[in-house]
Amino acid sequence: QLVYPYDFRLTEKEKTSICYLSFPDSYSGGLGDTQFSFRLRQSGGQRTTHYEDDGEYNREAPLTLQRESAHYFGYVYFRQVKDSSMKRGYFQKSLVLVSRLPYVNLFQSLLQLIAPEYFDKLEPCLEAVCNEIDQWPPPVPGQTLNLPVMGVVIQVRIPSRVDKPGSSPVKQFNQENLLPAPLVLPSIHELDLFSRCFQPVLIHIQMLWELMLLGEPIVVMAPSPTVSSEMVLALTSCLAPLRYCCDYRPYFTIHDSEFKEYTTRTQAPPNIVVGVTNPFFIKTLQHWPHILRVGELRMSGDLPKQVKVKKLAKLKTLDTKPGIYTSYKTFLHKDKTLIKRLLKGIQRKRPSEVQSALLRRHLLELTQSFIIPLEHYIASLMPLQRAITPWKNPPQIRPFRQEDFMKTLEHAGPQLTCVLKGDWLGLYRRFFKSPNFDGWYRQRHKEMTQKLEALHLEAICEANIVAWMKDKSEVEIVDLVLKLREKLVRARCQHLPVKEETLQRVGLYIETIIGSLPEDLQAVLHHH
């Protein structure tokens with residue numbers, strides 16, 4: 001009906017997909033307002049974004065909060081109310097905020113302020129809001145932003161890669177005597193894991209963490225897009241600070257362009273977590289290996305009813321009871337102490353955010369216990385600093401050998417930091433075949449390669465260049481100039497971890513070397 005700002009370009013395919021994803025696709029008798037989110041594959045090639053330098057933000061943001069390059073997130077506020085003047089007898093409308101950033105809390109809070117006004121005042125309201133949002137500063141990791149909109153100031157801190165994992169957001173916000181008092185969001189993206197997401201599956205949290213770690217295909221079947229999208233986002237956040245490298249769709253409909261790709265039986269299901277609400281999917285996705293069926297969330301004073309693990313054959317087409325339908329056997333044993341602590345919290349009426357923090361800490365410690373041995377091993381593959389000499393190419397990073405890594409586990413495995421018993425070796429072997437290992441390894445290898453380049457530049461800076469040039473031919477000297485220039489360009493383009501003064505010194509070296517050459521060669525090199 002309306003896209004604002006007008007210059008935001010979407011392809012027709014994207015517009016159609018957004019329209020289908022903006023409404024519940026199964027009968028929802030509930031009246032009132034609901035909020036949910038979706039994630040959509042971009043179609044029609046790369047487009048430039050409003051903020052050209054995604055690189056700078058992505059380098060400083062946690063891996064789990066980077067700006068997406070090939071997907072959009074959609075944050076939806078849907079209203080359904082009785083209205084006899086409408087043909088269907090209902091007023092149904094959605095306001096959708098589209099972004100490349102996974103800031104689910106910020107954007108859903110923003111929609112809570114804007115949407116009710118928009119349904120009332122329509123386009124003029126959006127124009128006013130967009131003018132205000134246009135004035136917002138870009139998100140800078142580590143900074144606390146005050147974001148004015150519709151007479152309210154939303155205050156939020158953008159997480160940074162250097163934050164200590166698991167530390168709570170900085171409480172001492174700078175109030176700056178803001179009037180009215182700001183709406184402070186404790187987190188830009190963290191969900192209420194305990195009461196809104198994992199409530200019915202707390203005793204299976206171990207299994208779900210393993211399935212996510214291994215990048216297994218999972219279907220979340222839920223009664224509404226809200227439950228489906230929150231569960232999928234909660235699952236993908238389970239592995240923090242490890243990045244979940246597979247695809248995920250918090251809410252997916254039968255009209256989606258990837259519908260055929262996901263429902264085909266001629267090939268294995270893709271590595272993806274997909275959230276659905278239409279009962280039709282029970283039939284079309286029956287061949288998927290792991291199906292999590294959840295009901296409506298109900299908060300009661302006791303531990304909510306926990307779903308059971310059932311065989312896939314038990315998946316009935318019409319009346320499917322909540323449960324985890326899978327034949328997966330976990331590698332690790334259950335953590336009974338976590339369940340006891342959460343139970344005690346329920347009995348003592350501990351606030352949901354405290355229970356969520358317990359859960360998040362448990363998942364974080366589990367992921368760290370798993371990943372620390374890998375980090376130690378990969379760090380040992382880096383060449384020694386003394387092997388880096390100025391006039392030779394830096395030495396190569398040694399290859400990652402799975403069997404060598406497995407041998408390190410006996411003395412430096414997860415058992416040092418985690419009390420859970422089980423088949424850790426089997427879990428690592430499966431992990432090596434998953435897209436999450438591939439993503440983690442590529443990221444680490446890239447960082448180490450850049451570190452080597454940086455160390456090499458520093459070694460060149462500390463060398464005596466005049467002494468080196470004494471017995472060298474012009475060809476060798478020109479070759480060095482070209483190589484150093486190339487290194488300088490790469491250091492700036494890839495933002496290598498090098499001090500600015502080092503780069504300036506390399507620049508001066510290049511001038512010094514050129515100055516020692518005959519004038520005709522100097523002219524050629526300056527011209528280049």
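Start by selecting L202, I203, I205, Q206, K334, D335, L338, I339 and H362: together they line the largest cavity. A cavity here is a set of points, on a 1 Å grid over the protein atoms alone, where a 1.4 Å probe fits but cannot get out, and lining residues have an atom within 4 Å of a point. Now colour α6 (205-213) and α10 (336-347), the elements that give two or more residues to this lining. Helices such as these are DSSP runs (H or I, at least four residues), numbered from the N terminus.

What kinds of residue make up the lining of the largest cavity? Five are nonpolar, two polar and two charged. In this scheme Ala, Val, Leu, Ile, Met, Phe, Trp, Tyr, Cys and Pro count as nonpolar, Asp, Glu, Lys and Arg as charged, and the others, Gly among them, as polar. The space in the largest cavity comes to about 40 Å³, a volume being the space filled by probe spheres set on the points, which are joined across faces, edges and corners. The structure holds one cavity of 30 Å³ or more.

A word on what you're looking at: this is a predicted model, where local features need pLDDT of at least 70, side-chain atom pairs count only at pLDDT 80 or more, and totals for chains, interfaces and linings use all residues. Residues are numbered from 1 along each chain as its sequence is written, and side-chain values use heavy atoms, with hydrogens and water left out.

Next stop, salt bridges (a side-chain nitrogen of Lys or Arg within 4 Å of a carboxyl oxygen of Asp or Glu). The whole structure has 26 of them. Pick K15 and E12, whose closest N and O atoms are 3.7 Å apart. Both sit in helix α1 (residues 12-21), three residues apart, about one turn of the helix. Is E12 buried or exposed? It's exposed, at 57% relative accessible area, while K15 is partly exposed at 32%. The cut-offs are under 20% for buried, over 50% for exposed and partly exposed in between (1.4 Å probe, protein chains only).

Jump to helix α16 (residues 474-493) and select K483 and D479, four residues apart, about one turn of the helix. Their side chains meet in a salt bridge, 3.4 Å from N to O. K483 is partly exposed at 44%, and so is D479 at 37%.

Then show R492 and E500, which pair at 3.1 Å, N to O.

Methods. On a 1 Å grid over the protein atoms alone, a cavity is a set of points where a 1.4 Å probe fits but cannot get out, and a pocket is an open set with protein on both sides within 12 Å along at least five of seven lines; lining residues have an atom within 4 Å of a point.
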